Amino acid sequence: MVSVLLDNIGELVTNDARSGDGSPLGLLRDAALVMEGDRVAWVGERRSAPAADALVDASGAAVIPGFVDSHAHLVFAGDRADEFAARMEGRPYSAGGIQTTVAATRASSDEMLAANVARLVAEMHRQGTTTVEIKSGYGLTVADEARSVAIAAQFTDETTYLGAHVVAPEYADDPAAYVDLVTGPMLEAVRPFARWIDVFCERGAFDADQARAILAAGAAAGLQARIHANQLGHGPGIGIACEVGAAAADHCTFAGADDLDNLAQAGVVATLLPGVEFSTRSPYPDARAMLAAGVTVALATDCNPGSCYTSSMPLCVALAVREMRMSPAEALWSATAGGAQALRRDDVGALSVGRRADFAVLAAPSYLHLAYRPGVPLIGAVYRGGQHIA
Ligand SMILES: [Zn+2]
């Protein structure tokens, strides 16, 4: 197997607390990393680096684990730029929302949908993301959900069935029949391609009993649970995530003290999506309260054409620091190791021996610059599985 020495790393974030400075980021100065095949084979101070077949010079830059974006809705057609502009001008906009994208997605060919996912995934790679979760949820028919998850599976192992995004327009008068479809024929059709099942548990979407039924049907079909919880108001979503042992409760914008204790005790990751609050001009979740309660926090983009059309994890890190008062170290950890925990992955999100060689070389001497220099393209080179991808 060919080995490559990445030498002359000014600051290496390993996310391995046993390495370097002993902090959760496991920071090493004047470091080097050796990859063999798609894995990390050695990490340490550069003066003790072993010989390798090939050399890459990081020129003193910082190197971080690739971002793990654990929440994204990438299978869709069209955009909703006009709706965004109307929202920013304070004008009311049609309640069409998700349904606008559903109509465009249904009218799109498989090739067009796949090309749009490819474009967004490439955009993510250029911004340092090396693992992305991709949800369905804009098809809402058996055939359209099945092809959405199948297309997602062309790009990631982290595929999520979100037939329970909203009630399909055809079932507006009979939501119970739509839940039967989601937990029956639709689930059967997506099963070969889906790892996860998700439900939007919110007033106007799916209530507690419906969410429980949907996640239980998913579990019976071998799909693990994650959930859109407590985004628009206080509600049962976080409680259900803890009750069913979901990997993550996502949004958590409106979380009470009980919810936080519940998350901490159940070991459910709270995935915060600050791009949504930024793009909808809404209050941010209380990340400090979560961290104080011992909750594991992940950061993700929620990239979607409605509430947040950013694919940028560096932006989410900057927002988490500036708007949610996370430290730069906490935000980076949450955007990498936190995302890996939200996906129950132990092979990504950190740079220690045996992990996948997924990392970004920054055009900066320290990871601090990700929050300190918001909006600046600081991702220099990106490697995934030891391959230079961006
Ligand atoms: Zn979402």
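## Fold and overall shape

The protein chain holds 14 helices and 17 strands. Both are DSSP runs numbered from the N terminus: helices are H or I with at least four residues, strands are E with at least two. This is a predicted model: local features need pLDDT of at least 70, side-chain atom pairs count only at pLDDT 80 or more, and totals for chains, interfaces and linings use all residues. Residues are numbered from 1 along each chain as its sequence is written.

The radius of gyration is 21 Å, close to the 21 Å that the globule rule gives for 390 residues, so the chain is as compact as a globular protein of that length. The radius is taken over C-alpha atoms, and the rule is 2.2 Å times the number of residues to the power 0.38. Along the principal axes, the C-alpha atoms fill a box of roughly 70 × 45 × 45 Å.

## Burial and contacts

Of the 390 residues, 55% count as buried. Buried means 20 or more other C-beta atoms within 10 Å of the residue's own; exposed means 12 or fewer, and partly exposed lies in between, with C-beta atoms placed from the backbone. Among contacts with a separation of 6 or more, 69% join residues 24 or more positions apart. A contact needs C-beta atoms, placed from the backbone, within 7 Å.

A51 is found in the loop between β3 (39-45) and β4 (54-57). A51 is exposed, with 8 other C-beta atoms within 10 Å. A51 and S3 are 48 residues apart in sequence, yet 8.7 Å apart in space, C-alpha to C-alpha.

## Two domains

The domain assignment gives domain 1 (3-66 + 350-388) and domain 2 (67-342). Such bounds come from an automatic or database assignment. The C-alpha centres of the two domains lie 30 Å apart. Each domain gives 20 residues to the contact.

On the side of domain 1 that touches domain 2, β5 (62-65), α14 (369-372) and β16 (379-384) each give two or more residues. β16 gives the most, with 3 residues. That side divides into 15 nonpolar, 3 polar and 2 charged residues. Ala, Val, Leu, Ile, Met, Phe, Trp, Tyr, Cys and Pro count as nonpolar, Asp, Glu, Lys and Arg as charged, and the others, Gly among them, as polar.

## The largest nonpolar core

The largest nonpolar core has 132 residues; L33, V63, A249, V317 and A320 touch the most other members. Helix α12 (residues 313-324) supplies the largest share, 8 residues. Domain 1 and domain 2 both give residues to this core, so it lies between them. Such a core is a set of buried Ala, Val, Leu, Ile, Met, Phe, Trp, Tyr and Cys residues joined through C-beta atoms within 7 Å.

Leaving aside neighbours within four places in sequence, A320 is in contact with L272, P274, A287, L299, M326, A331 and S334.

Key
Two residues are in contact if their C-beta atoms, placed from the backbone, lie within 7 Å.
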